[in-house]
Amino acid sequence: MILELFIYIAAAFFEILGCYSFWMFFKLQHNSLWLFVGVISLVTFAYLLTKVNLEFAGRAYAIYGGIYIVSSLFWLYFVEKQSFNKWDLLGSAICILGAIIILIGNQK
């Protein structure tokens, strides 16, 4: 289960980096190198999700969703230098609890 969590966290990092790269290019008009970073990051993200030990993609994505939400808030804090509010914390706690329930309930 530790390896699974590591894969999900790494996938979240690469998806957020990829999407943030497109944000940097299209919204903030940074140079086109950001497009390259975005494409490579999103391909890496997709590849990593195929490495989780689950039989069905939909279940893997459901677990990933909770981890993605928490990871996005860490990105908000560490990269974008914005603070959490009580709704961020409550919502992410509910989501990660759901992801953990799905992950533990479907272990082989």
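Here is a short chat that goes through it topic by topic.

Me: Before we start, what kind of model is this?
Reply: This is a predicted model, where local features need pLDDT of at least 70, side-chain atom pairs count only at pLDDT 80 or more, and totals for chains, interfaces and linings use all residues. Residues are numbered from 1 along each chain as its sequence is written, and side-chain values use heavy atoms, with hydrogens and water left out.

Me: Great. How many helices and strands are there in the protein?
Reply: The protein has four helices and zero strands. Its pattern along the sequence reads α-α-α-α. Helices (H or I, at least four residues) and strands (E, at least two) are DSSP runs, numbered from the N terminus.

Me: And what box do the C-alpha atoms fill?
Reply: Roughly 45 × 35 × 20 Å, taken along the principal axes.

Me: How much of the protein counts as buried?
Reply: Of its 108 residues, 30% do. Buried means under 20% relative accessible area, exposed over 50%, and partly exposed in between (1.4 Å probe, protein chains only).

Me: Let's zoom in on α2. Which of its residues are buried?
Reply: Gly-38, Ser-41, Phe-45, Leu-48 and Leu-49 are buried in α2. Seen down the axis of α2, they fall within an arc of 100°, so they line one face of the helix. The arc is that of the directions from the helix axis to the C-beta atoms.

Me: What do those buried residues pack against?
Reply: They pack against α1 (2-27) and α3 (57-78). Ser-41 has a relative accessible area of 4%. Leaving aside neighbours within four places in sequence, Ser-41 is in contact with Phe-14, Leu-17 and Gly-18. Contact here means heavy atoms within 4.5 Å.

Me: Which exposed residues sit on the face turned away?
Reply: That face of α2 carries Leu-33, Phe-36 and Val-43.

Me: How far apart are the end C-alpha atoms of α2?
Reply: They are 25 Å apart, which agrees with the 24 Å that the 17 residues of α2 (residues 33-49) should span at 1.5 Å a residue. The expected span is 1.5 Å times one less than the number of residues.

Me: New topic: what is the volume of the largest pocket?
Reply: About 200 Å³. On a 1 Å grid over the protein atoms alone, a pocket is an open set of points where a 1.4 Å probe fits, with protein on both sides within 12 Å along at least five of seven lines; lining residues have an atom within 4 Å of a point. Grid points are joined across faces, edges and corners, and a volume is the space filled by probe spheres set on the points.

Me: Which element gives the most to its lining?
Reply: α3 does, with six residues. The lining includes Ile-9, Phe-13, Val-70 and Trp-75.

Me: What about the second largest pocket?
Reply: That one holds about 160 Å³ of space. Among its lining residues are Cys-19, Trp-23, Tyr-68 and Glu-80, and α1 and α3 each supply at least two of the lining residues.

Me: Last one: is Arg-59 buried or partly exposed?
Reply: Arg-59 is partly exposed, with a relative accessible area of 35%. This residue lies in helix α3. Apart from neighbours within four places in sequence, Arg-59 is in contact with Leu-54, Ile-102 and Asn-106.
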